[in-house]
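Morning, everyone. Please have a look at the structure on the screen. I'll walk you through it piece by piece.

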Amino acid sequence: MKTIALPLAMPEQTPLQLLQSTFLFQDLPDALLQRAASHLVLRYHPAGELLLIEKDWGNSVYLILTGWVKIRTYNRDGREITLNILGPGNSFGEMASLAAVPRSSDVVSLTAVSVGCVPAADFMTLVQEEATLGYRLAQLMVRRIRQLNRRLQVRELESTARLADVLLFLAEGQGRSSGRGGVRIPNLPHRELGNLCGLTRETVTRALKKLEQDKLLERPDTESIILTDPDALETLTEV
């Protein structure tokens, strides 16, 4: 399966609007947004480009404006492990900036992406001066830890349940209402879904077909999946 085709084009919003479209900065005071916007640098990357390298020092926080990235590392045998997949409104690079330590993983663009970069020192000043931003950052860390714990819990389940968990994971972070209780998520490459749930690409393809036959999801086009019954998918993942 090919990666999702997205144009590599400049977002048409102002820097303030771009900031407000992200989880960390939405609904923050205008004065703080103005300051953050003055430090914002926009960058654009094609699909398949290495944005950050593991062990590099964290000198910026990155806000995803358009497109998708994956967070990856490697095990001792050199096998790639996908830790997360992030899309518009999400961010990365906060942990290395907070702790002033080298980065713990690579970041690779799955599609053409546009990101806003804020220097780590400026970001930390904003966090120290605006309690709501610090609270949002804490919420983000808690959510990621909770998601990781859940993925570890379902690791021993059968393949369809493991894939269902990853689909729900993507819905939590990037889902959009499709009407009638359904949730629309991006139709990511099967290899990337497999890396997230520890399955081969072929197994993911078979599991998706089974979920589709069971009417738990639909694939209306090449770019999206609709989870038609998220509650039923949740039942599959119960340990």
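Start with two helices. The axes of H2 and H4 come within 10 Å and cross at roughly 170 degrees. A word on terms: axes are lines fitted to C-alpha atoms, for helices over the stretch in contact, and angles run from 0 to 180 degrees between N-to-C directions. Helices (H or I, at least four residues) and strands (E, at least two) are DSSP runs, numbered from the N terminus. So H2 is roughly antiparallel to H4; angles under 35 degrees count as roughly parallel, over 145 as roughly antiparallel, 65 to 115 as roughly perpendicular and the rest as oblique.

Who touches whom? H2 brings Leu32, Arg35, Ala36 and His39, and H4 brings Asp122, Thr125, Leu126 and Glu129. Contact means heavy atoms within 4.5 Å. These residues split into three nonpolar, two polar and three charged. Ala, Val, Leu, Ile, Met, Phe, Trp, Tyr, Cys and Pro count as nonpolar, Asp, Glu, Lys and Arg as charged, and the others, Gly among them, as polar.

Before going on, a caution. This is a predicted model: local features need pLDDT of at least 70, side-chain atom pairs count only at pLDDT 80 or more, and totals for chains, interfaces and linings use all residues. Residues are numbered from 1 along each chain as its sequence is written, and side-chain values use heavy atoms, with hydrogens and water left out. The average pLDDT of the protein is 85, and 95% of the residues score at least 70. pLDDT is the predictor's confidence in each residue, from 0 to 100. Over residues 1-9 the pLDDT is below 50.

Next neighbour: H5. Helix H4 (residues 120-129) packs against helix H5 (residues 131-153) at about 110 degrees, axes 5 Å apart. H4 and H5 are therefore roughly perpendicular. In H4, Phe123, Leu126, Val127 and Glu129 meet Ala131, Leu133, Gly134 and Leu137 of H5. That contact has six nonpolar residues, one polar and one charged.

Now, which ring pairs with Phe25? Phe123 does, edge-to-face, at 6.5 Å centre to centre and 65 degrees between the planes. Rings of Phe, Tyr and Trp (its six-membered ring) pair if their centres lie within 6.5 Å; planes under 30 degrees apart count as stacked, over 60 as edge-to-face and the rest as tilted. Phe25 sits in the loop between helix H1 (15-20) and helix H2 (30-39) and Phe123 in H4, so the pair ties together parts 98 residues apart in sequence.
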